[in-house]
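Reader: Hi! Could you walk me through this model while I have it open?

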Amino acid sequence: MCSSDLKREFPAYWLKVHEVMSKVKDAVTAAPHMHRVLFENDRLLIVEYHGKPGDKAKMHSHPDGVLYHLEGKMKVRSITPDGQVRELEIKPGDLMWSPATAHALEFIEGEACRGIHIGLK
């Protein structure tokens, strides 16, 4: 489900997500030590991420998109603006849909890693 589907099918939820996203900096601005733009146009934003255990990124946002993890097995802790905590294990080759979100991130354990997020505008 993309942002337009959420807007149409769950308008109250979409408004809440949009409100939070508009107040939180994008990943490249909030955590430039871990994110860099590879490509951007009026339809896509492709961002490379990288990190190692102990790295942290303060609260930031990502648009709807696809996450493709390229290198390094890792475990991360994600904390949303409302305080929900989720831990994820990610390994090379993992490919997943990532709905628009805002979170702070901490690399808990694993190896140095790298991947890309292909975000829709």
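Author: Happy to; what follows is a short chat about a predicted model.

Reader: Before that, what are the ground rules?

Author: This is a predicted model, where local features need pLDDT of at least 70, side-chain atom pairs count only at pLDDT 80 or more, and totals for chains, interfaces and linings use all residues. Residues are numbered from 1 along each chain as its sequence is written, and side-chain values use heavy atoms, with hydrogens and water left out.

Reader: Thanks! Where is E48 found?

Author: E48 lies in strand β2, residues 44-51. Strands are DSSP runs of E with at least two residues, numbered from the N terminus.

Reader: Is E48 buried or exposed?

Author: Buried, because its relative accessible area is 7%. Buried means under 20%, exposed over 50%, and partly exposed in between, using a 1.4 Å probe and protein chains only.

Reader: Which side chains have a polar contact with E48?

Author: R36 at 2.6 Å, and R114 at 3.1 Å. A polar contact is a pair of N or O atoms within 3.5 Å; within protein, one must be able to donate a hydrogen and the other to accept it, and residues adjacent in sequence count only if both atoms are side-chain atoms.

Reader: And what else is E48 in contact with?

Author: Apart from neighbours within four places in sequence, its contacts (heavy atoms within 4.5 Å) include M34, H35, L38, G115 and I116.

Reader: How many bridges join β4 to β7?

Author: There are 4, with β4 covering residues 65-71.

Reader: Last one: which residues make up the largest nonpolar core?

Author: It has 11 residues, among them A31, M34, Y49, L67, V76, L105 and F107. Strands β5 (74-79) and β8 (101-110) each supply at least two of its residues. A nonpolar core is a set of buried Ala, Val, Leu, Ile, Met, Phe, Trp, Tyr and Cys residues joined through side-chain atoms within 4.5 Å.

Technical notes: Two strands pair if DSSP finds at least two bridges between them.
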